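Have the structure open while you read.

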Amino acid sequence: MKLLIVNGVNLNMLGVREPEIYGNKSYNDLVNYILRVAEKEKVQVTVCRSNYEGEIVEMIQSALGKYDGIIINPGAYSHYSIAILDALKAVNLPTIEVHLSDVSKREKYRQVLLTAEASFKVIMGKGFEGYKVAIEEMKKRLGE
């Protein structure tokens with residue numbers, strides 16, 4: 001199984017940005033965690049990240065025919081990006097949306113997850129472990 005893991009806006013600031021919400025670990029720590037989980041679960045992953053909406057759209061579009069599913073943390077783009085939603089719908093791959101924090105308990109504007117409309121599952125509030133849960137759920141979905 002091959003998964004594309006797309007991380008969005010401001011995730012490069014992990015460990016610096018609001019550590020009381022996101023913790024003290026860096027984005028590199030997150031990527032290393034994902035790679036360790038993928039190896040243990042015997043899943044091939046490509047992890048990518050961008051602060052740019054159009055670049056995220058291109059990453060998603062490039063998944064067509066190359067990956068079995070997408071795990072995405074669009075960051076703040078989740079709340080308003082029709083472009084990312086449309087890209088996810090266009091490639092029509094099984095998708096799980098992950099959020100490190102529990103956005104359902106945060107500001108009202110963060111509780112709208114527009115991009116999640118293209119996902120069969122949303123995982124939030126589990127920190128880095130949310131990616132592990134997402135990989136496990138994707139394996140179940142794809143019958144691995």
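A crossing is called right-handed when the near helix is turned clockwise from the far one by less than a right angle, and left-handed when it's turned anticlockwise. Keep in mind that this is a predicted model.

With that in hand, take helix α2 and helix α5: α2 passes α5 in a right-handed crossing. Their axes come within 9 Å and cross at roughly 30°. Angles under 35 degrees count as roughly parallel, so α2 is roughly parallel to α5. On the α2 side, the contact is made by L30, Y33, I34, V37, A38 and E41. Facing them on α5 are E129, Y131, K132, I135, E136 and K139. Sorted by class, that contact has 7 nonpolar and 5 charged residues, with no polar ones.

What about helix α3 and helix α4, at what angle do their axes cross? The answer is roughly 5°, and the axes come within 9 Å. These two helices are therefore roughly parallel to each other. From α3, the contact draws on E53, I56, V57, I60 and Q61, while α4 brings A83, I84, A87, L88 and V91. The class count here is 8 nonpolar, 1 polar and 1 charged.

Here are the two pairs side by side:

| Helix pair | Residue ranges | Axes come within | Crossing angle |
|---|---|---|---|
| α2 and α5 | residues 27–41 and residues 129–142 | 9 Å | roughly 30° |
| α3 and α4 | residues 53–62 and residues 82–91 | 9 Å | roughly 5° |

The largest pocket holds about 190 Å³. It is lined by 16 residues, and the closest to its centre are R17, Y22, N73, G75 and A76. By class, the lining of the largest pocket splits into 7 nonpolar, 6 polar and 3 charged residues.

Conventions. Residues numbered from 1 in each chain as written. Predicted model: local features only at pLDDT ≥ 70, side-chain atom pairs only at ≥ 80, totals over all residues. Heavy atoms only, no water. Axes fitted to C-alpha atoms, helices over the stretch in contact; angles between N-to-C directions. Helix = DSSP H or I, 4+ residues; strand = E, 2+ residues; numbered from the N terminus. Parallel < 35°, antiparallel > 145°, perpendicular 65-115°, else oblique. Contact = heavy atoms within 4.5 Å. Nonpolar A, V, L, I, M, F, W, Y, C, P; charged D, E, K, R; others polar. 1 Å grid on protein atoms, 1.4 Å probe; cavity = no way out; pocket = protein on both sides within 12 Å on 5 of 7 lines; lining within 4 Å. Points joined across faces, edges and corners; volume = space filled by probe spheres on them.
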